[in-house]
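Subject: Handing over a structure with two ligands

Dear colleague,

I am passing this structure on to you, and my notes on its ligands follow below. Please read them with the structure open beside you.

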Amino acid sequence: MKRIAVLTSGGDAPGMNAALGSVVRSATQKGMEVFGVEQGYLGLIEDRMQLMEPMRATGMVTSGGTLLGTMRCGEMKTEEGRLKAVETIRKHGIEGLVTIGGDGTFRGAEVLCGYGVPTIGIPGTIDNDLAYTQYTLGFDTTLNTIVRMATQIRDTMASHERVCVMEVMGRHCGDLALYSAAALHAEALILPEMPWDVDSLCQRLERQRANGRRSALVVMAEGAGKATELAPVIMEKTGFDTRASVLGYVQRGGQPSPRDLLMATRMGVRAVELLHQGIGNRVLGQCQEEIVDFDINEALDMPAVFNKELYELVQGLWA
Ligand SMILES: Nc1ncnc2c1ncn2[C@@H]1O[C@H](COP(=O)(O)OP(=O)(O)OP(=O)(O)O)[C@@H](O)[C@H]1O
Ligand SMILES: O=P(O)(O)OC[C@H]1O[C@](O)(CO)[C@@H](O)[C@@H]1O
Ligand SMILES: [Mg+2]
């Protein structure tokens with residue numbers, strides 16, 4: 001392959017720029033040209049791409065966000081949009097594509113593979129919701145941010161003997177809530193994967209109060225409900241002075257952690273190696289400390305695995 005393209009799609013994730021830089025540098029070393037597609041699949045549909053200058057891509061490596069821009073592009077889900085995307089790829093003589101994003105992005109990549117475009121997927125999503133891999137780029141940085149923010153929230157909650165319902169990202173997958181709650185020893189945890197009810201939650205907080213706990217952190221994944229609606233109900237039912245704190249987009253930005261930077265760099269190199277060998281239709285992942293790759297169709301068919309053991313550990317810490 002002599003000419004490839006790279007895009008970032010879906011929600012941005014810390015580490016995307018490191019993956020981009022790594023793709024550009026390693027492809028350049030192999031004598032390949034790399035086109036950077038702007039705004040995810042929209043850039044393919046609207047033919048917005050430019051040759052990536054290796055020095056520019058390298059300069060952005062440790063920053064958050066994505067220098068190519070990203071988009072949730074509904075048109076890529078239509079036959080018409082997909083055909084336009086393939087036409088752009090053919091027009092520029094692009095022989096292979098690297099897509100960096102989450103499950104939705106990989107669905108788009110799967111479609112392009114079906115049209116004969118060799119594509120490699122790098123998992124870049126703070127959600128950590130891809131079943132075939134233990135790890136996705138951005139998850140570690142976001143977890144660090146949540147733990148830092150929650151620690152600050154706890155300072156003021158403890159001072160005022162308050163309960164805080166802290167809402168974290170994760171529309172369909174509760175991993176950010178689950179892992180941060182475990183790291184923080186949160187007093188309660190609410191996830192989209194597990195049934196919950198407000199009465200049991202309030203009883204739990206009351207039990208903890210009877211045991212001397214006068215302040216609590218309830219970690220809630222956004223997919224399980226709204227902190228702003230739950231907080232007043234807890235206040236009414238328990239008498240605890242309760243506040244809601246929605247962490248929001250602060251969770252998605254920021255300098256990537258060294259773990260994300262390292263993993264992104266390794267995955268970028270591997271993606272180029274595969275394309276250089278003429279191998280496409282694969283998605284990269286992490287198993288133990290190794291970078292692994294799977295057939296894209298098989299990977300996307302794998303059922304989600306919920307970490308019940310970690311959930312029970314959190315439940316048991318403040319029974
Ligand atoms: N079935 C599909 N066919 C073609 N393209 C798709 C499909 N599903 C999603 N896409 C494309 O991938 C883009 C990104 O998907 P989505 O918005 O679900 O984010 P994601 O990649 O899962 O990342 P994150 O969940 O971290 O935000 C969509 O906006 C759309 O352009
Ligand atoms: O508001 P946006 O940009 O669509 O993103 C929100 C969603 O994206 C994610 O942050 C993943 O990037 C989800 O956790 C969240 O539900
Ligand atoms: Mg997703």
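A polar side-chain atom of R171 lies 3.1 Å from an oxygen atom of ligand 2, a polar contact in the sense of a pair of N or O atoms within 3.5 Å. E222 also has a polar side-chain atom 2.5 Å from an oxygen atom of ligand 2, and for R252 the distance from a side-chain N or O atom to a ligand 2 oxygen is 2.9 Å. On its own ligand 2 has 400 Å² of accessible area, of which the protein covers 83% (Shrake-Rupley method, 1.4 Å probe).

This is a predicted model, in which local features need pLDDT of at least 70 and side-chain atom pairs count only at pLDDT 80 or more, while totals for chains, interfaces and linings use all residues. Residues are numbered from 1 along each chain as its sequence is written, chains are lettered from A and ligands numbered from 1 in the order in which they are written, and side-chain values use heavy atoms, with hydrogens and water left out.

The residues around ligand 2, among them G11, R72, D127 and Y249, are those with a heavy atom within 4 Å of the ligand. By class they are three nonpolar, two polar and five charged, where Asp, Glu, Lys and Arg count as charged, Ala, Val, Leu, Ile, Met, Phe, Trp, Tyr, Cys and Pro as nonpolar, and the others, Gly among them, as polar.

One oxygen contact, at 2.8 Å, is with a side-chain N or O atom of R72; another, at 2.5 Å, is with the side chain of D103; and a backbone N or O atom of G102 lies 2.9 Å from an oxygen atom of ligand 1. Taken alone ligand 1 exposes 620 Å², and the protein buries 84% of that.

Terms used
A polar contact is a pair of N or O atoms within 3.5 Å; within protein, one must be able to donate a hydrogen and the other to accept it, and residues adjacent in sequence count only if both atoms are side-chain atoms.
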